[in-house]
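Hi,

Here is the structure I promised to pass on.

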There are 2 protein chains.
Amino acid sequence: MIEVSQTAELEDIVGGNPRAVARAISKVEDGVQGAAALMKQVFEHTGRSIVIGITGAPGAGKSSLVDKLALLYRKRGERVGIIAVDPSSPFSGGAILGDRIRMQTLGLDKGVFIRSMATRGNLGGLARATVDAVSILDAAGYTRIIVETVGVGQDEVEIVKTANVSVVVLVPGMGDDVQAIKAGIMEIGDIFVINKADRDGVFATEKELEALLSLAPRGDAWQPPIVKTIATESQGIEELATAIASFKESQLDSEVQDRQKSIARWRILELLREQLLARALDQPGTSEALNQLVDEVASRRRDPYSAVEEILKNG
Amino acid sequence: MIEVSQTAELEDIVGGNPRAVARAISKVEDGVQGAAALMKQVFEHTGRSIVIGITGAPGAGKSSLVDKLALLYRKRGERVGIIAVDPSSPFSGGAILGDRIRMQTLGLDKGVFIRSMATRGNLGGLARATVDAVSILDAAGYTRIIVETVGVGQDEVEIVKTANVSVVVLVPGMGDDVQAIKAGIMEIGDIFVINKADRDGVFATEKELEALLSLAPRGDAWQPPIVKTIATESQGIEELATAIASFKESQLDSEVQDRQKSIARWRILELLREQLLARALDQPGTSEALNQLVDEVASRRRDPYSAVEEILKNG
């Protein structure tokens, strides 16, 4: 019976039924039993979409840019999936709020699927769930999948690295920390966007970016372009789509394979980490032992390292 | 012999020797053998510092704020440790660059210890290493430890939550995404700073922040204050230090204990996750098996879930 219902579930997903897609994403988000069985079936149907990762500093206008890019792809007849990852919003309704604002622009279009994903707390797994959600959208026939990260941090960089094309969004004159961020995300940007390009300081930001890019040569022949956009006025969006297409076309087969391999390695390690922890915590008595150890560490009667040794001894 | 050298190492740390402290932090960063033994000894000597976590949007001027707060604490006779966490900088010299700039302001003062910590790649552990580094500085007699995160994301939120006092830094008028960030970091801020308070839009940002704060009531009696600063001109730094001290004084014993417990739980889970993965990958033959599985997943001959099952079967 379980086999039958999973097959029906898969059929609905591959058929592009939005409700089935939404349910499947909730399943991988919750990490419930059955997600593994589902993902094994989904995986076979993937590999047809172009996945575009978009990251950048807060305030850079990424959401508007993503919406406009989605509209452009829609006009070209593509089906578009959008996943907005918000790791900084553990409890609040931030993600849901974002969805609602989005729905006003794109929500009535059945060729667009929008989903926000937020953290699940201590147990992690957001990055893994995001990549699984991308696979589900891919299997469901969304030909362009845009993964937008709200924050700028380790998880966001990891998530964007799992895309086929990575776009880094900057904005003119954002202050000292931008330098630090640029240094960090320089390596992951296949394409750079300077959004809000009607603001002061565009030229300086562009020169600075060019200088940084010349200091960090890539392993391939691709020269990351700098695209200037004013997303709110739909300016530069065509150029961005062209840059994305050019990058995909320029990649050698061997480069695509290398990227697939590093994504595969990352996916396996993420999933392994998550499943090892879940297995360890699932052992009978571990939950009580953990509570006890938490008390001991909190009151400094024990250090965290020996607490973990204690748990591993029982595992 | 190992016991003896560890004891000497511990003595140097507890004696406040900066080189010993730096070496110990490198050890926990590398996660090498011996870090566990060291941390077990270090942990006993901790619990005397006030740990201040500072996070906020890029471009908010966190670095200047941290430097000025450190200078103030120095004037008051405190020894100050600063840890700048840069999860977005996996490969580049971003962190080191940051250190060098810092050293010009504070570097010659022996009462200040500055360290940047960046990600270690796929294996994670940055947040755990940061918290271990805080323990080392604590044991070494740094009475004020400031942990500054460069990015805004899941890891950064996690790291800031392990502090005794969390400070969230905003800046007037940073655009739409700020709303999303605010929603996410609202819960973790014990104190809010509006830096660059000579800019336009301070009043609007303050009102907006007050409105958001009134929507998200805390579990305790503390009313998070909003401190306006111009860090580059050293304005508002005294007020920030006062707010930090007031928060510490206002906390009930039971609140301090609850916080210690959630930090302890987080530390144990982080360490457990890391050690489980390290153990699994250490199994003989796992590295070859992993490479094989990576190839299979990359070429879509296998899905990531069954790849992980394969590894777990052997573990």
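Among contacts in chain A between residues at least 6 apart in sequence, what percentage join residues at least 24 apart? The figure is 75%. Keep in mind throughout that this is a predicted model.

Staying with chain A for a moment, its secondary structure comes to 13 helices and 7 strands. The chain has 315 residues, and 51% of them count as buried.

One helix from chain A: H2 covers residues 18-30, which makes 13 residues, and spans 18 Å from first C-alpha to last, close to the 18 Å expected at 1.5 Å a residue. Its buried residues are Val21(A), Ala24(A), Ile25(A), Lys27(A), Val28(A) and Glu29(A). After the helix comes Gly31(A), which has a positive phi, near 65°.

Now to chain B. Its sheet is open and made of 7 strands in the order E3-E2-E4-E1-E5-E6-E7, with parallel pairing. Strands E3 (112-118) and E7 (226-228) of chain B stand at the edges with a single partner strand each, so one side of each has no neighbour in the sheet. From one strand to the next, the twist averages 20°. At the E3 end, strand E2 (residues 80-86) of chain B is joined to E3(B) by 7 bridges, the two running parallel, and Val80(B) stands opposite Val112(B).

Helix H4 (residues 62-75) of chain B packs on this sheet, touching E1, E2, E3, E4, E5 and E6 of chain B, and its direction makes about 175° with that of E4(B).

How does H4(B) sit against helix H10 (residues 237-250) of chain B, and at what angle? The two pack at about 75°, with their axes 10 Å apart, and are therefore roughly perpendicular to each other. Lys68(B), Leu69(B) and Leu72(B) from H4(B) meet Ile237(B), Glu238(B), Leu240(B) and Ala241(B) from H10(B). By type, the residues of this contact split into 5 nonpolar, no polar and 2 charged.

Last one: is Asp190(B) buried or exposed? Asp190(B) is buried, because 25 other C-beta atoms lie within 10 Å, and 20 or more is the cut-off for that label. You will find Asp190(B) in the loop between helix H8 (177-185) and strand E6 (191-194) of chain B. Leaving aside residues up to four places away in sequence, Asp190(B) touches Val165(B), Ser166(B), Trp222(B), Pro224(B) and Phe247(B). Its C-alpha is also 10.0 Å from that of Lys248(B), which is 58 residues away along the chain.

Cheers

Key
Residues numbered from 1 in each chain as written. Chains lettered and ligands numbered in written order. Predicted model: local features only at pLDDT ≥ 70, side-chain atom pairs only at ≥ 80, totals over all residues. Helix = DSSP H or I, 4+ residues; strand = E, 2+ residues; numbered from the N terminus. Buried ≥ 20, exposed ≤ 12 C-beta atoms within 10 Å, placed from the backbone. Contact = placed C-beta atoms within 7 Å. Pairing = 2+ DSSP bridges. Axes fitted to C-alpha atoms, helices over the stretch in contact; angles between N-to-C directions. Expected span 1.5 Å × (residues − 1). Parallel < 35°, antiparallel > 145°, perpendicular 65-115°, else oblique. Nonpolar A, V, L, I, M, F, W, Y, C, P; charged D, E, K, R; others polar.
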